[in-house]
Each structure stands twice: as C-alpha cells, then as structure tokens.
Amino acid sequence: MEAQPSTSNADISLPSESPNNEPMDSHYSNNIIINHDFSGGLHLWHPNSCEAFLVSQETTRPKGLSDKLSAPFAVITKRKQQWQGLEQDITDRVSPFSVYNVCAFVGISSGASGNQEHVLATLKLEFEDNSVRYLFIGRTCASTENWEKVEGTFSLSAMPRRVVFYVEGPSPGVDLLVKSVVISCISFSQCESDKQKCALFDGEENIIQNPRFEDGLNNWSGRGCKIALHDSMSDGNILPVSGKFFGSTENRTDYWNGIQQDITGRVKRKLAYDFIATVRIFGNNISTANVKATLYIQTADLREQYIGVASVQATDKDWVQLKGKFLVNGSPSRAVIFLEGPPPGTDILLDNLIVKRAAKAPPASPPVVENAAFGVNVIANSNLNDGTNGWFPLGNCNLSVGNGSPHILPPMAKDSLGAHEPLSGSYILVTNRTQTWMGPAQMITEKLKLYLTYQVSAWIRVANHASKPQNINIALGVDGQWVNGGQIESSDDKWHEIGGSFRIEKQPTKVMVYVQGPEAGVDLMVAGLQIFPVDRRARFRQLKKETDLIRKRDVILKFSSSDSATLVGTSVKIRQTQNTFPFGTCINRSNIDNEDIVDFFAKNFNWAVFENELKWYWTEPQKGNLNYKDADDLLSLCANHNIQLRGHCIFWEAESSVQSWIRNLNKDDLTSAVENRLAGLLTRYSGKFKHYDVNNEMLHGSFYQDRLGKDIRAHMFKTANQLDPTATLFVNDYNIEDGCDARSSPEKYIEHILDLRAQGGPVGGIGVQGHINSPVGPVVRSALDNLGVLGLPIWFTELDVSSDNEFVRADDLEVMLRESFAHPAVEGVVLWGFWELFMSRDNAYLVNAEGDLNEAGKRYVALKQEWLSRARGRIDEQGKFEFRGFYGVYEVEVEVANDVSKEKMVKASFVVDKGEGPIVISINL
C-alpha cells in the first residue's frame, strides 16, 4: 500500500578504496556497519529528525557541494539542531567487553561559516529501564573541500537494549556529508583471554566443535556439496573476522545444500539453545540472499524433523550475524545443524558458529507510562477550526477545507470515548493527487508514548468521479517504516468509518501520520481524524458485566434426603471444576515428545487443532505418498485427554501452500485429486473432528477457484458435508477483526459467506483467525457485531498476540479473550500455540522454552480461574440453595448430620447447561 518517494539509489557501486584512493586497511573486512560506503543507497541508514539523500557519480551535484568531494556520499540536510545527523542501528552486531575501532570520512556543505565545522561520532545507548545514555567516540574539524576522518574507539561494559551509531555536530542549517563509515572489532584475542567477561567464543559452553576453523575443516562437512577452507577470498577483499580462517561451500546445486556439523549427543532434550553465526554469501552475481540455519533431527523410530532455527538476509559485501534459538522435545538418535538457503551457485561463507545453552531471561517488568492521557486526541486541529494549520500535503497535492461531513463520532471511536463533543462538520479535501500515497499528513513524533495502544478513527470519502472501488489507508511512517492504522474500500461517494490501532515499542526519531490509497486523480476527503490512547482497564470493567449476562445462569439446587428437616441450615460449598466454553490451542507432532508441553496442554485446554499435520501438503507431500501417522498420533493424544478437535484444513487457497505436484496438474487431474482428498480424509476421520476448515483463506487466495471455476468452493463444502454430516463446516480467514485489511473486512466476509450459501454450500461456522496486533476492544467488537447478523457461530481459530514486553502481551491477550467471552456470537477460542519456539509469531508465547510461565501465561490461567464460579452458604427452609454461575461442571459439598458421627461430608456433581432462565437441579443426599 505505502509508496513514498525515495532518495536512495541501490544501483551505485564503489571500489574498495578509502576516500583518498588508498587501499582499505585489513581490519575493514570485519566492518559491522552495513552499506558502509552507500553503495546500496541509504539502505539501513536513517536521518535523525532531518532529511537525507544520496549524491552519486551519475546524479547532478546540488549547488554548494564541492566537486573535489568524490561521490557517492550521503547528504544530511534540513538540520535544525546540532545533534541531527545520520544513524544506523548496530544492536545485533556489537557485543559487551569487545573493543571497536571507528573510522568515518565526513565533510560539510559550503553554507558553513568559515568553511569548517566540528563533526562528531556518537553512540546512543537505550536500556531496558527506558533510560538513554550517549557515548562520545570521536571528533574532527570537517571542511567543504576535503574528506576528513573521524576516529575513535569504544567498548560496552553491558549490553543495552538498543545501540545506535550516528554522526552529528555541524551548526543548524549546515549540511553534513558522510562518505563512509567503518566500525571494526579489534579485540577478538582479548575475548579469548577473558571468557568470563566475553561470551562470544565460550569454548567450554559451545557445543560446536572447531567453531572458528582453527583445526581446518575437521568436524565440518558439506550437505549435498563440497566445502573449503580460506584465509581470504576475492583478492583479499574477504577476510575472517574472528580468527585466521573461515569455511565456505562449493558447487551448490540446490537451495538445501550447505555446510553442516553433526551435534548428536551434545544437544540435550527440553533445553533451550542460542545459535549465533557470522555469515555472508559469495558468487553467481547474487548480492543478497536469505541464509537459514536448520536443525535436522532423527528419532529412534526413524521419524525425521527439520527445525527452523534462524534466518537472515546476507550480502556479498559484509559479514552479518545469524541469530536464533531452538529446543529439542525428544531424545534424538541423530542431530545435525546446517546452513542453507541461497540460490544454487551462490556459496555460503561461515566465519564462526556458536550453539550454547540459552541464558535465562531476566525478570520482566511492565512498561512505565506516565501521564497516559487516555482518550486525548494527538492530532492537532482535527476539527479544522484553524483551516489546514498543522497539516501538510504529502507530495504535490493540494489541501483545502470543505463542509458537509458527519458531526457525530464514528461508532468505534464513540464506543471508546463515550460522551464527546460533536465534530465540526469540516473535512480536508485533497485534490491534484498524482500518486496513490499522496494525501494529508501531520507529524506526531513527540505526542506518542511507548507501549500505549492507540486507536485510530476517521470519516473517509472519495469523490464521485472514481471509476472503481478505492482502497483507503490511514498510515504511519515510523522512521521510514510503514505502520497500518486502518484500511477500508469505498465503492461510492458516501462517508465511511475507518478504524484501526497501533502501538510503538521502540523509541522512534520521526513519526508521521498520513492518509493515502485512492488511485491517482481521485479526490480524497478526510474528517475528524482521531488518534488516542485507549484505557483497557475501563473497558474490562464493562466487559465483566456483559460476560455475567451471557455466560452465566441462575442455578437453584434442590436438596432432598430421608430426613429433609435436618437439611435446613446445612453448610453448602460449591466449586466449578470445568467451564464448558471451548478454549483450545494448536499443537504439533513434536510436542508429544515433551511431557511438560503435554501436561500444560491437557490442564489448560479442552479443544485442539493440528498446526500442520492435517494439511494436504503434510498428508500427501508427493502424489500417492500418504502420511497420516502424525495426525493419528495427535488424535490419540487428544482422545486420551478428552479434548475435542477442529480439522484444519481440507484445502488451502493460497498457492504458496499448495504442494508442487498439485500445482502441476491439469484441470481434469486436479479435479480428480480434489475428490480423492475429500474422500480420503473425511472417510478416514469420519466423526473424529467436530469442525473442518474446508478451504482456508478464500478471501486472500484463489488457487482452486482459478483452475476449477467458482463452483468448486461450494462443491467442496457440499461434498464434505455428505462424507461427514456430523462435522460443522467453517470458512476461515485472517485480518477480519482488526480493520487493517480492506480485502477481508467483515462486510467482504459476509458477502463471501452468503455467496457460498446461495450456491448450496452448507457453511455452518465463521472462523476468524485472530493473528492480531495491538488489539482495541471496540474495533474487534464492531467486527463481531457485523458478523453476528448471520446467526452463525463465530470462533477465533488461530488467536495470537505479540509484544516484546510480556506484560503488554498479556494485556493484548486479555483484550481478545474478554472481548470473545463477552460476545454472544462467539462460541469458542483457539490459540495458535502457547510454548516458546513452537509458535509461528515471535514474542507471542505464554510459556518460556524451558517451561516457565510468563506474564501472558499467568494472565491466561488467571482468566480461566476467574471464569470458574464458587459459592458457599446454607440450605434454606425450602431445601434450596441458589447462586449464579458460569456454564459447566460443578462439585457440591454438603455437611449432613447422622446418628453415628453426628455429621459427614457428602459430595455430588452436577452440570449447568447453557440456557435461558433459572435451572433447577435436584440433588438427593
């Protein structure tokens, strides 16, 4: 969606020389700065609260820049403060206790008084407690005619959360010029001599043997290719960074070819390991490629498993770090770690590899947010009472003010804000739009607070001369990265509500909000844009009241015994043992091998879905090669624990998820394969799965429909229903509930479901996946309300939330669980995993890799406890005891008097079924 103008030029190359045309020092080869000479444009460089562009050998040199300064170089302009300059995040490329040498070539524009200005190299260090420290590195007196060198060294005594290198210093208004930057580690030998301080190459802990190739290629081998040992490559331009040698692959003919080491016997089950490697690529005219680390596991029963450990975009210019983490559930008979990924013909270079026991994470703490100002709009002049002041056009479009927009708040905003003054009825009219990204914009950098969740709301309209539906997006540019604040599609000239949410978890230097999307030439109207932090606790109080209305029932226990008169006043204690509302999770075959995972699964969930093991690409990876053993094993596990099952999925419309042999079939053979898949799966498991996701993600993919026609989708539903009439058949899709995807809005989903049913497709349930970011209750509730008009059960089928702060993650999870449990149309929630390293999203887990419950997990368990009813009291004169409780299974304890022991404890169980009105349950003591 986002398409902002770019000043970078990635097609410029520069010889490996210093600015003075002298050969680069050998220590430059381990430079941790990526794109150090701007040969990749401004890639990974960011101007700090100013602007930057590239001067290349081909571009016309702007006025005021000396011809003596050789190109390419970066120009940092529109500087209003001395500290404004150019920066690069180097967090993942520095280590504590190492010593780094810094060398940068800099200059200034001719606007400087006296043609000389001081230029500084600085480190910005951000710590876990949100404190910030600045570390001075070096200073030089820069000139307008020559490149001058800034030099210095630094070392970190502890590892901050974030490390940013930047160049700063000239007077405001003076352009800063940067030719190249080199930061190289000069103390690998010191690291070796002080292993207690520097864990970079801890030989005692590292389970990799010969990790830096000091013993040649011993312990290393090629995976489908040859490997070689080097002390340099490319005429000395590639040198080792941690020792005297590095290894490489040779003659790679497939993506999975790479360099490997057998670590059998050295990796222990149920322990988490950190993986750190230094890699780059070489050859075949490939400048960037994905390098992956994979762990191959073979079990005693010869089952094979490939665990993705890490992935990085490597280049042919610099060494980069490949970092990851893994855990092995079972006891492997063989374990091999290997690198793979680049296209055939491109070699993988490995300087060093560390695999060692992962350190325990320090205790987490909630973020401290002062003066949150919930409900206060951060947009200036939102009502346009001061014309367009505070706003600016993004691009060469025109902004003006019109009248006639709604005076009421959009419903989702009203649900959050409550009583609120009416809108002014004025709107911004955007004309002369020549690009889709052009629209009204505003800078809000200083108004946002880290870790607060912000709701986005506005009225949007396009001009009536649009020839087709238009996609409209409220976007944020956060240090040049696009953040989605909400999307809609408009097909008429009416006002439409747009809503969404976002959160920022790392301190930005520049945040811009803008409205974009319609095609060039289409006028855009924006009214009442609101961006405000939401008060989640206030929302929770409201949801608790709604939950009490729809998930509880009045219960009358009517007791009887041989001597009912003795029951009056008898003590009663009631405890709910199970809430029958479905709370489930996805699991995979490898989870069975870890008894800790199985234990948590069985105790905390009553429904399950298989992550991959029922998907067609898993059960039939090659034609006729059927694999149902993994699904059978998981089925047995769930049956043993009385856990109900969803079947995910029979088909998947995304072409990237269709196995190659299916993609290569002609129409007739594909039709036959579809019929065989339906018959084979649903006959084998008839009655075993309560639900099936019939054709996954039909709003986002169309593989089968494109090849077999529109009727194939309804046919899949009809045939599945004929083969297993006991199963409820679901549609299942993503981005339904968060307002961020115009393709899958609730309105589009409803239209899709009605279309399937009109063709005779027996759609029995609505699957909302729930892979959501920074959820806001009213936005989620609005989507559920819209879907609820169909009268079908709604399930969150793949719910996960993500935040690097586990307290914020817990809040996100609580939002989704409370909104679901308080909505009458939602009949179940299934999480997309719970255990670290076995989830598809980073920072989404509830349980750490080695079994420690984090704050999100504690919140989940606490909510499950909150939704179990308890009561105590005494039986009244009518022999009754009344209470209000959640639907589910209960135990009651009654102290009954007798002639022998005077009293005894009698226990009984009962079930409170879903229904309206009080339920009367008779209990004979």
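This is a predicted model: local features need pLDDT of at least 70, side-chain atom pairs count only at pLDDT 80 or more; totals for chains, interfaces and linings use all residues.
Residues are numbered from 1 along each chain as its sequence is written, and side-chain values use heavy atoms, with hydrogens and water left out. Helices (H or I, at least four residues) and strands (E, at least two) are DSSP runs numbered from the N terminus.

H14 covers residues 855–866, twelve residues in total. From the first C-alpha to the last, H14 reaches 16 Å, close to the 16 Å expected at 1.5 Å a residue; the expected span is 1.5 Å times one less than the number of residues. At the N-terminal end of H14 the cap is Asn854, with a side-chain oxygen 3.0 Å from the backbone nitrogen of Ala856. A polar contact is a pair of N or O atoms within 3.5 Å; within protein, one must be able to donate a hydrogen and the other to accept it, and residues adjacent in sequence count only if both atoms are side-chain atoms.

Axes are lines fitted to C-alpha atoms, for helices over the stretch in contact, and angles run from 0 to 180 degrees between N-to-C directions. The crossing of H12 and H13 is right-handed; a crossing has this hand if the near helix is turned clockwise from the far one, and is left-handed if the near helix is turned anticlockwise by less than a right angle. On the H12 side the residues are Gly777, Val780, Arg781 and Leu784, which meet Val815, Met816 and Glu819 in H13.

Helix H10 (residues 711–723) has 13 residues and reaches 18 Å between its first and last C-alpha atoms, close to the expected 18 Å. Buried positions in H10 are Ile712, Arg713, Ala714, Met716, Phe717, Thr719 and Ala720. An α-helix has 3.6 residues a turn, so residues three or four places apart point the same way. The cover over the buried residues of H10 includes strand E35 (644–652), helix H8 (667–684), strand E36 (691–696), helix H9 (703–708), strand E37 (728–733) and helix H11 (746–758).

Cys649 lies in strand E35 and is joined to His648 by a cis peptide bond with omega about -10 degrees. Glu697, in the loop between E36 and H9, has a positive phi of about 60 degrees although it is not a glycine. Glu697 is buried, with a relative accessible area of 10%.

Positive phi also occurs at Asn219, a residue other than glycine, with a value near 75 degrees. Asn219 is placed in the loop between helix H1 (188–193) and strand E11 (221–223), and counts as partly exposed because its relative accessibility is 39%. A cis peptide bond runs from Ala71 to Pro72, with omega near 5 degrees; Pro72 is found in the loop between strand E2 (51–55) and strand E3 (73–77).

Among the strands, an open sheet of three has the order E42-E31-E45, with mixed pairing. Strand E42 (880–886) and strand E45 (919–924) stand at the edges, each with a single partner strand, so one side of each is left without a neighbour in the sheet. The twist averages 30 degrees from one strand to the next. Two strands pair if DSSP finds at least two bridges between them. Strand E31 (residues 552–560) pairs with E45 in the parallel sense over six bridges, and Ser560 stands opposite Asn924 in E45.

Strand E25 (residues 453–462) pairs with E28 in the antiparallel sense over eight bridges, with Gln455 opposite Ser501 in E28. Strand E28 (residues 496–503) is mostly covered, seven of its eight residues being buried.

Technical notes:
Buried means under 20% relative accessible area, exposed over 50%, partly exposed in between (1.4 Å probe, protein chains only). Contact means heavy atoms within 4.5 Å.
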